[in-house]
Each structure stands twice: as structure tokens, then as C-alpha cells.
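Student: I'm new to this one. Please take me through it, and let me ask where each term comes from.

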Amino acid sequence: MPRATSRNVTRCQISQSANLQSVLFLGFVPPVNDMQPVGAEPVDRPTFPLELLYCPDSHLVQIGCQVDPEILFPPEYPYTSGTTRILRENFADLFEQCRDRLGVDGSSFVIDIGSNDGTLLANFKAGGCRVLGIDPTDRARLANERGIRSLQAFFSRETAHSVAAEYGPANLVTATNVFAHMPDVDDVVAGILDVLDETGVFVSESHYLLDLIGTLQYDTVYHEHLRYYSLHSLKFLLEKHGLEIFHVERIPTHGGSIRVFAARGGGYPVDPSVPNQLSEEQRAGLLDPETYRRFAGDVLQSKLDLLGLLRDIKARGGRIYGIGAPSRASTLIAYTGLDRETIDCVLEIQGSYKIGKYMPGTGIPVLEESALFSDQPEYALLFSWHIAGELMPRLTRKGFKGEYILPLPSPRIVAE
């Protein structure tokens with residue numbers, strides 16, 4: 001029999017409760033990095049149901065269909081973290097925090113799970129640390145070429161045993177924007193404990209549920225993201241494995257993320273950031289199912305408002321170029337039903353691996369950013385709207401004369 005490419009989630013991924021409540025259904029959506037070459041003949045491509053579910057027992061929000069990781073993260077996976085300035089700055093900050101807060105130094109061994117092109121580990125290597133990246137895609141080769149030792153593999157408990165046997169225990173394990181991506185999270189946490197020394201620290205960065213709900217970021221819901229963590233759900237998961245969260249902070253990456261420091265129970269004093277953030281989540285209603293019902297209604301209204309805005313522009317003969325092809329753009333395009341008659345093209349900066357491809361599930365081509373300045377469309381739709389404050393001044397300085405469309409949280413036209 002052929003191998004199954006997806007499976008429905010019938011129990012919470014961290015509590016195993018069958019008490020799952022539907023929050024939002026976004027339709028049948030292609031994998032967000034399934035990008036075919038421009039000019040390729042249209043053929044059948046896979047799509048999978050995309051639904052958000054809430055577990056009132058663990059307070060975890062999660063998607064209802066898990067797609068085979070080999071489909072979502074093929075060797076040619078196009079994303080590279082080093083091309084994004086905000087991520088480079090964030091990784092430099094994370095290194096400085098680990099150095100100052102944890103005493104990471106030249107004697108430390110640091111492992112990064114989902115290490116991509118090695119951008120994070122480059123900071124630790126420059127700080128004298130011994131480093132190892134673990135990543136399933138060809139970006140691991142890119143990291144090795146840059147001198148960042150990397151293993152091309154999916155992280156699992158089996159991988160952890162091999163790494164521990166060959167390299168010894170790690171003082172620090174990091175997982176930045178990947179801890180929500182791996183299917184068997186209990187196996188992952190067990191593997192982290194197996195490779196971490198007794199006083200070691202695990203640092204995760206994940207897109208934060210509080211920001212997702214507060215700024216209506218339905219576009220960050222896609223099949224690569226299996227879980228949408230609150231601090232309550234992270235606490236539930238990590239404590240199940242004997243890990244204690246001792247520090248937490250909110251960071252700006254990906255439209256709002258949460259950085260969490262954890263170690264074996266009692267290893268570090270718990271600072272006030274942890275109870276303070278748990279209280280903030282409770283005040284914001286993250287433990288109340290009614291919050292998620294309101295969220296679903298707001299998402300629908302936002303979709304209708306965006307389509308109305310774009311309809312009026314096209315009725316006047318306006319041209320709309322998309323700016324940026326992040327994964328979140330694919331969800332927004334699929335859910336709102338945008339096509340090449342609405343969006344002429346999507347633009348990426350020079351060097352992006354996505355240039356010369358179609359946006360997933362569409363005939364919208366991805367072109368190099370210079371087309372914005374040579375063609376001068378009337379409107380630029382910012383798919384990376386969460387960094388509009390950085391994007392708009394840069395594009396205006398480079399010569400764009402049109403207006404900008406921000407699709408979320410409230411669709412609107414703005415002049416820089």
C-alpha cells in the first residue's frame with residue numbers, strides 16, 4: 001500500500017485528550033512551499049484540510065491534519081533564515097542572552113535543532129562555542145559550506161542518541177521557530193533531554209498564540225505549524241517531561257514570538273517573567289473557548305474586507321504587486337482566493353530561492369524585487385505586513401511611488 005501522506009488529529013498532541021474544539025477552518029490548502037517553476041504545465045498538486053483546534057485540558061491550539069514532514073520539508077526546501085534582517089538581529093540577541101544569563105562560553109557545546117543555514121549557530125561559533133546544527137533540508141549543506149558543522153537529518157530521539165554518542169552532551173539546545181513543527185513532540189522533548197547534560201538549558205522560540213489572536217494572524221496557520229503555543233501549553237508540555245520554565249520573554253520575530261528558557265526542575269530560580277506572562281494570558285482570555293469563537297468571526301470579516309478593497313482597486317484598473325513570499329502569504333492567498341488576475345506578481349529580494357516559481361496553488365509568479373521600481377504598479381500588497389514599518393520606508397527610498405496595502409489585521413491602504 002502507498003504510504004499515507006497525512007493523518008487527522010483526533011487527540012491533543014500534548015495531553016492526548018479527545019476533547020478538541022474546532023476554532024477555524026481555512027479550507028484545503030497546498031503545502032506553503034510547494035512552488036512550481038514559472039512556465040511549468042499545470043498538474044495536480046496536493047492540498048490538505050487546514051483547521052485549528054483547541055484543547056481545553058492543555059490549552060494547546062493545534063492544526064487538525066498532520067502532513068508527512070517529507071512533503072513539507074523536502075531537501076530543496078527554499079527558506080533561508082539568513083536573508084531576513086530581523087532574524088539575524090534576533091539570533092545575535094539570543095546568543096548574547098545565553099552568554100550573559102547562562103554563562104555560555106568557549107567551553108560550551110551548543111546544538112541547534114532545525115538549524116537551517118546556520119545563521120544562529122554562527123553567533124555561537126564566533127563566541128568560541130563548539131556547535132552542531134541538525135536540519136533535514138539541503139540548507140544543512142549550505143551551513144557546512146559556511147563552516148557551521150551540521151547534520152542533515154530530522155531530529156528525533158534516535159538522532160539524539162547518535163549525536164550524544166558521537167559528540168557528547170550539550171550544554172545548550174536551541175529550537176527557534178521549529179519547536180511547533182515536529183510531529184511527535186514528546187519524542188522530541190525526550191530526545192532533547194537525552195542529548196542535554198544535567199545542568200543544560202533548552203531554549204525555544206515559537207510564534208506566540210497571544211499575538212496570533214490579538215492581531216488576527218490567521219495567515220501564520222499552515223501545515224508546517226502543528227502547534228500554536230501559549231505559555232500555559234508550553235508549561236504543560238515541558239513539565240510532563242520534568243522540565244521547568246525559568247524565564248520567558250516576548251520577541252518581535254514572525255509577528256510576535258515567545259522565547260522560553262527551561263531546564264530540569266530546580267536547576268534555575270524561576271524569575272517573575274513566568275507567572276507574570278501566565279497571568280497576562282489568562283486576562284487576555286486564552287483559557288476561554290469564547291475567545292476563539294470571536295477570533296473565527298473576526299477572521300471572516302477581515303477576509304471579506306480585504307476582498308472588497310481589492311475589488312474596488314481592480315474595478316478602477318489598478319495594478320497590485322505582492323511584496324514578499326513568506327509562508328504566511330500562501331495561507332492568505334489560499335483562504336481569500338487570490339489569483340493572478342488579482343495579484344499580478346509577487347516580488348522577492350535578489351537571491352531568494354523562490355524567484356522564478358509560482359506561489360503555491362496559483363499561477364502568480366514570483367519575480368525579483370526590481371520589477372516594483374521599473375513597472376511602478378499603483379499598489380503594493382505587503383504579505384509580510386507584520387514588518388510593514390521596516391518594508392515601506394525601504395521600498396519608498398528605493399523609488400516606489402505607489403501606495404501600500406496592509407491585509408491584516410484590518411485591511412487598509414496607506415501611504416508611507
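Tutor: Start with the words for the pieces: helices (H or I, at least four residues) and strands (E, at least two) are DSSP runs, numbered from the N terminus. This is a predicted model, where local features need pLDDT of at least 70, side-chain atom pairs count only at pLDDT 80 or more, and totals for chains, interfaces and linings use all residues. Residues are numbered from 1 along each chain as its sequence is written, and side-chain values use heavy atoms, leaving out hydrogens and water.

Student: Which strands each supply at least two residues of the lining of the largest cavity?

Tutor: β10 and β11 do. The largest share, 3 residues, comes from β10. The lining includes E205, S206, H207, R227 and Y228.

Student: What is the strand order in the open sheet?

Tutor: The order is β8-β7-β6-β9-β10-β13-β12, 7 strands with mixed pairing. Two strands pair if DSSP finds at least two bridges between them.

Student: Why do β8 and β12 count as edges?

Tutor: Each has a single partner strand, so one side of β8 (150-152) and one side of β12 (243-251) are left without a neighbour in the sheet.

Student: How do you know that β10 and β13 are paired?

Tutor: They share 7 bridges, in the antiparallel sense, and the definition asks for at least two, so they pair. V201, for one, has A263 in β13 as its bridge partner.

Student: What does helix α8 touch?

Tutor: α8 (residues 231-240) packs on the sheet against β10, β12 and β13; contact means heavy atoms within 4.5 Å. Its direction makes about 155 degrees with that of β12. For such angles, axes are lines fitted to C-alpha atoms, for helices over the stretch in contact, and the angles run from 0 to 180 degrees between N-to-C directions.

Student: Why is the R101 and D271 pair called a salt bridge?

Tutor: The term needs a side-chain nitrogen of Lys or Arg within 4 Å of a carboxyl oxygen of Asp or Glu. The closest N and O atoms of R101 and D271 are 3.6 Å apart, so the pair qualifies. R101 lies in helix α2 and D271 in the loop between β13 and α9, so the pair ties together parts that are 170 residues apart in sequence.

Student: Is R101 buried or partly exposed?

Tutor: Buried means under 20% relative accessible area, exposed over 50%, and partly exposed in between (1.4 Å probe, protein chains only). At 40%, R101 is partly exposed, while D271, at 19%, is buried.

Student: What makes R328 and D219 a salt bridge, too?

Tutor: Their side chains meet at 2.9 Å, N to O. R328 sits in helix α11 and D219 in the loop between α7 and β11, 109 residues apart. R328 has 6% relative accessibility, so it counts as buried; D219, at 0%, is buried as well.

Note on methods. On a 1 Å grid over the protein atoms alone, a cavity is a set of points where a 1.4 Å probe fits but cannot get out, and a pocket is an open set with protein on both sides within 12 Å along at least five of seven lines; lining residues have an atom within 4 Å of a point.
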